[in-house]
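Here is a friendly note to read alongside the structure. Take the points one at a time and look up each place as you go.

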Amino acid sequence: MIIQTRAIKASSGATDTVTHIFSGEKNEKIEILEGSDFQLNNAMQTAQSENLKYGFHHFKISPKEALTREQFNDLLNDLANEYKFDKDDITVVEHTKPRASADAYNKHWHVIVPHYQQEHKKPLDTKNSYARNEKIARLAEIKNSHALVQGQHNKAVYLQLLDENKTTEAEKIKHLIDLERTSQSHTVNQQRRAEKNGIDLPKEKQAIKTLWQASDSLKGFKIGLKSQGYEIKPGEKPGVYIIEKSGLFVGSANRLTNMKKEQFAQKYKELENDTKATITSKKIRFGSDKSETNNSASNIQTRTNSEQQHKPNNRTSDTRDRRRNTDSADIKLASRDYRTAKDIAQISRTAKQNISQNIAKTRINSTLSSISTTHVDSDDKTASAAGIRAGNEVIALHKKLQQIEEEIKKYFEDMQKNQKYNQISTDRIKKKQALNKINSSLKEKYTVLKERPRVRGWKDIKAELENKPFSEYQKAKQHKEKCEEHIKELENKKYGFFGFLKKSFKEDKKRLTELKENLPELSKRETDKSHNYDVKLRVSYDEAKAQQDKQKQGQEDYDKKHDIKKVRDEFNKLKEIKDDINNNDKNIIEDINKKGPEDEIKKRQEEEQKQQQELQEAQRKEAEKTAKLSMARTNAMLKKLDKSNPNSKKSDAELEAEELHAVGFKP
């Protein structure tokens, strides 16, 4: 499991993050578990109003193995306890998409936490977030019996678990300390830069790992990389080799091949040395053949010229005669110098071998579509050259056919993908449109409620009014006491018998005189500040009450202007509507998209008003019933007490039933 944290600056806004987590195109499914884009924008506005650098923190939780919702909620609780944030303010979105590695879990979660915590009235503390995230991830892996992932801060996590008295968990991760420390696969900026150039870093890395597993040697791996457009070269650090594609960094070669840095560097140097030795031997062999060819050709040319000079008639009438003469000259030359003819035959055999090797290589390369073929162009009108050109044309056609097949395959994949999205996109788009309308109305109502003037308690106002004069008095008192202490220290200082001759004696006397001159002024300042503080204590209550009354009046004017009671009621109704939309209530979604949130609010208010009227009617009937029952019982009791009444001899129940019947009440 990997937990990543990124702080988003308030100046950058929430648009990019909202687009990524709420409507990422690469995800097969997006499910909002808690919160909305309104909360992200609100976190940014709060941070800007509080003059904070960051608006919110973006946590990304990616488990390697399957994780249920209950297990994820436990993990989220651990995260909240670690960073001390309120779970009611966060936004949680679940993404489902295939990972680069086939055995990895296809779900991950995005958690957005506001930087400014309203409950604690201070920003979120994310110091040492890398080690803290690894600690939470390791604990989750232990709880859910997942394989432990090798992190970068294993020792720090181990020591922290010991400090928290989690000895059992600490012992389970202790063995990770001795393993080689890992590093981050790639940064977010690297991934975004690659995506802009059409490169999916996770998929590219998985493709390189698959290629390494299929290769039988480092040489074959290097050839395979080159055939697929990758380039392996030394990195900026010594002993580090990196793999690039189209000039963009993909990853470290040793990490992608799961080898130690020193081990890979050694193997790569051995491969380079073998390649250099092979090239050098070929250069020496081809160089000797070339020299032999040049020498033989020069000998033939010299001897042929000498033969033609001594020939009485060296002019030929046509091409056939010239060719016949040349052939006869070669035959004569061959009969004269057997060594030269042998050299020529040897050169001819070498040339034929080279041509045969090139043709064989071309045929082999044409069967391997993943390896690029070097084209050979020649103006020699021989059968070999013609064969090579024909082979090159066949290879070009083969590559073009492969390219067309890939385009057709990609077209059908895109078509299937679009069909898949079309099946679920309609409901999602309608839901998103309805949520956007609700969030827009919520934002308006929230702004009105947020800008409502506050009324502070008179005690807080009084303490604030008294704080300034009191601090001034304390400061003046401290200056005076410090001056008196310094005077006392200088007066009691001893200099010895000849101390008056020292330079410090004169300086101290001068300083003592200055302090004594300043002491009356400091005493007067202390007295004035004390008097001001006493005056403020007497009038602070009245001033605090006056300020509070002013604030109350301002709040009442604001409430009348904006009808704050109605705004608060509509805000609560909008939150209820939003919950219904998140629960995929299709009727509500259709009504919001057709008529807007105002009509739905009005409908709910009418329903609520109707329910209140029904409740009031039921309460009124119940009150009438109770009043009639009480009156009947009272009358029955009076008749029972009246001895002159002939009905007094009846029982209480009979008298009560008669009275109830008289008032029209049927029990």
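**Notes on the model**

1. Let's begin with a stretch to treat with care. This is a predicted model, and over residues 367-381 its pLDDT stays under 50. The model has 20 contacts beyond four places in sequence for residues 367-381. Where pLDDT is low, the predicted coordinates should not be read in detail.

2. Residues 285-339 call for care too: their pLDDT also stays under 50, and the model has 20 contacts beyond four places in sequence for them. Among the elements of the protein, helix 12 (residues 319-336) has the lowest mean pLDDT, 42, while strand 3 (residues 54-62) has the highest, 93.

3. For the protein as a whole, the average pLDDT is 77, and 76% of the residues score at least 70.

4. Now find tyrosine 411, which sits in helix 14 (residues 383-450). Is tyrosine 411 buried or exposed? It counts as exposed because its relative accessibility is 53%, and the cut-off for exposed is over 50%. Together with Ile404, Ile408 and Phe412, Tyr411 forms a nonpolar patch on the surface; the four share about 400 Å² of accessible area.

5. Finally, look at helix 17 (residues 564-582). Its 19 residues reach 27 Å from the first C-alpha to the last, close to the 27 Å expected at 1.5 Å a residue. The buried residues of helix 17 include Ile564, Val567, Phe571, Leu574, Ile577 and Ile581; Glu570, Lys573 and Lys578 are also among them. Just after helix 17, asparagine 584 takes a positive phi of about 60 degrees.

Definitions and conventions: Residues numbered from 1 in each chain as written. Predicted model: local features only at pLDDT ≥ 70, side-chain atom pairs only at ≥ 80, totals over all residues. Heavy atoms only, no water. Patch = residues over 30% accessible without salt bridge, like charges linked within 9 Å, V, L, I, M, F, W, Y side chains within 5 Å. Areas by Shrake-Rupley, 256 points an atom, 1.4 Å probe, with all protein chains shown as cover. Salt bridge = Lys/Arg side-chain N within 4 Å of Asp/Glu carboxyl O. Helix = DSSP H or I, 4+ residues; strand = E, 2+ residues; numbered from the N terminus. Buried < 20%, exposed > 50% of the residue type's maximum accessible area, 1.4 Å probe, protein only. pLDDT = per-residue confidence, 0-100. Contact = heavy atoms within 4.5 Å. Expected span 1.5 Å × (residues − 1).
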